[in-house]
Amino acid sequence: MVTAAVNPFLEGNYAPVREEITADNLKIIGELPPDLSGMFVRNGPNPQWQPKGQYHWFDGDGMLHGVRISNGKASYRNRYVRTKGWQIEHQEGKAIWSGLLEPPQMDNPHGAYKNVANTALVWHAGKFLALWEGGAPHSIKLPELDTFGEYNYNGKLQSAFTAHPKVDALTGEMMFFGYSFAPPFLHYSIVSAEGELLKTVPIELPMGVMMHDFAITSNYTIFMDLPLTFNPIRMQKGEPAMMFEKDRASRFGIVPRHGDNSNIRWFEAPACFVWHTLNAYEEGDEVVLVACRMNSTNVLATNSEQRDAQGDIPLLHSWRFNMKDGSVREERLDDAPTEFPRVNDSFLGQPTRYGYAGKMGQGSMPSFEGVIKYDLHSGKSQTHEFGKGRYGGEAVFAPRGSKEDEGWVITFVYDSNEDTSELVIVDAQDMTSQPVARVLIPQRVPYGFHGDWVSEEKLQNLQ
C-alpha cells in the first residue's frame, strides 16, 4: 500500500489552528511585571483551507496572535489577516491559489499569486502593519487585531514592501525596499516620521535575487545582493527558476540614507546567504554589519534530504566594510546555529553591545530550543533554555528603561509534551534564570515568523 507523503509544515505545531478566539484573565505562572504594559503580537502562516498542491511553510494565510498585558493581567486573541485573497477563498470555501512549490497560476482570474500578509509586523507613525515581501502591507487595528485593508501611502507605494522595514528611533524615519524578479530589480523608499512616503528610487542589480532583509546605520542603508538568484531561462530548461549560485560572489551595497543608485558603493565577499540581520552601525571608517550567515540555502526545501546539511546552517557573523580603502573583513562570531536575531529596537542602526537570537535545535525543521543573548563587546553569551520538549519563536525585546539591555525578552513557547502554548517573559539582564512570568494560552499557537512589542503609549496613539 502506497501512502501519501506527509508534509511536515502541516503537522505537529506547524499545523494550523482555524478557530479565532478571545480570552481574558489568563492564568499566569509567576508574576507579570507591574511596569510591563502593552501588546505582544506575532505573525505567521496559517492556511485557512486544505492547501492546493504542494504546500510550503511560507504559503499559509497570515494569522496574528496577540497577548495584551496591562495592570498585571493578560488577555489573548488570534485573528486572520483579512487579505483580499483570504476573503475570496473564504467565500469559495476552498483554496484558490497554490504556493511557492507550484508553477505560477497565470490563468487564475483573481491573479497569479496571493498576498498572504503572513511574515512580520511594524508599528510606525501611528500605523500597525502586517507585512509580506511580495506585495503591499495591511493596516491592522489594535488591540482588536481587525484588518483595515491594504495600505499604500495614499497611492505613493510603487513597489512591493519588505517584511523587514527599519525604523530609526532617533529620527523617526522608516526605510524599506521592494525586490522584483523583473527590472528594475530593487526599489528603495523612505517614509518620514509623520508617515509620508518621501521618495522611492531604483537600485541597479545585475539580475533578480531574493532579498529578504537589509540594514541601516545612522547615515547609511545596506543592501545584500546575494547569489540566491531568479533566472527564467533555467525554468525554461526544466531547472529551478530560483537557485543558489555558489560560484557567484555576495555583494553588499552601501548607500547614503537619502542617496540613490548614483552614490551606492558595492563590496564583494564570499558566496553566502543571509535571511536576517541583527544590526548595523558605523565605527570610524567602517560600516559594521552583524547577521546570521549561511554558506548556501535551499529556500524551497521541505525535508532533510533536500537541505544542505553543511551549508544551510546560520551562524552569527560580522562584516566590516571600510568606506575609506574599500576592504571587507568577515568574521564568524559564534559556532552555535542561530536565527531570527533581534536587538532593542530603540538602538537600531546605532552601535549595540547586545543581541538576541533563537538557539536552533538539532532536527531538520526550524525550531528554537532557547534564546541566546550575545555580548558583542566581550564575545560572551548567555542562553535561556526553554526546557526539554519546549520550543520557542523569535525573541522580541520590550524595553523597561534607557539602558540597552534593560527590559524583557518575550516569545511564544510550545510545549510538545503537553501540546500547549504560552507566552514566556524573561528578564533580559538575567537570561539564565526562570522566566519572570509565563502566560498560559488557551489554545495552541503554531510556529510562526516575526513579532513586535507595541507599548502602551503606541497603543494609545494608533491611528
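Predicted model: local features only at pLDDT ≥ 70, side-chain atom pairs only at ≥ 80, totals over all residues.
Salt bridges are considered at the outset, and the structure holds 24 of them. Asp 225 takes part in a salt bridge with Arg 248, in which the closest N and O atoms are 3.5 Å apart. This pair links distant parts of the chain, since Asp 225 belongs to strand β16 (residues 220-225) whereas Arg 248 sits in the loop between β18 (242-244) and β19 (250-256), the two residues being 23 residues apart. Asp 225 also forms a salt bridge with Arg 251, here with a separation of 2.9 Å between the closest N and O atoms. Because Arg 251 lies in strand β19 and Asp 225 in strand β16, this second pair ties together parts that are 26 residues apart in sequence. Asp 225 has a relative accessible area of 0% and is therefore buried, and both of the arginines named here also fall under the 20% limit that defines a buried residue, with Arg 248 at 16% relative accessibility and Arg 251 at 18%.

A further salt bridge is found between the side chains of Glu 283 and Arg 320, with an N to O distance of 2.9 Å. Glu 283 is located in strand β21 (residues 273-283) and Arg 320 in strand β23 (residues 315-322), so that the pair links distant parts of the chain, 37 residues apart. Salt bridges that share partners extend this arrangement into one network, which joins Glu 283, Glu 286, Arg 320 and Arg 329.

Turning to the nonpolar interior, in soluble globular proteins nonpolar side chains tend to be buried together. In the present model the largest nonpolar core has 43 residues, and Phe 223 and Trp 319 are the members with the most contacts inside it. When residues up to four places away in sequence are not counted, Trp 319 touches a set of residues that includes Phe 252, Ala 269, Cys 272, Val 274, Val 287, Val 288, Leu 289, Ala 291 and Val 328. The charged residues Arg 293, Arg 329 and Glu 330 are likewise among the residues that Trp 319 touches, and one of them, Arg 329, is also a member of the salt-bridge network described above.

The backbone shows several features of note. The peptide bond from Leu 142 to Pro 143 is cis, with omega near 5°, and Pro 143 is placed in the loop between β8 (138-141) and β9 (146-150). A cis peptide bond also runs from Pro 183 to Pro 184, with omega near -10°, and Pro 184 occupies the loop between β11 (174-179) and β12 (186-191). Positive phi values are found in residues other than glycine, including Asn 25, for which phi is near 50°, and Tyr 153, for which phi is about 55°. Asn 25 lies in the loop between β1 (22-23) and β2 (28-30) and, at 60% relative accessibility, counts as exposed. Tyr 153, by contrast, which is found in the loop between β9 and β10 (166-167), counts as buried at 5% relative accessibility.

Methods: Residues numbered from 1 in each chain as written. Heavy atoms only, no water. Salt bridge = Lys/Arg side-chain N within 4 Å of Asp/Glu carboxyl O. Helix = DSSP H or I, 4+ residues; strand = E, 2+ residues; numbered from the N terminus. Buried < 20%, exposed > 50% of the residue type's maximum accessible area, 1.4 Å probe, protein only. Core = buried A, V, L, I, M, F, W, Y, C linked by side-chain atoms within 4.5 Å. Contact = heavy atoms within 4.5 Å.
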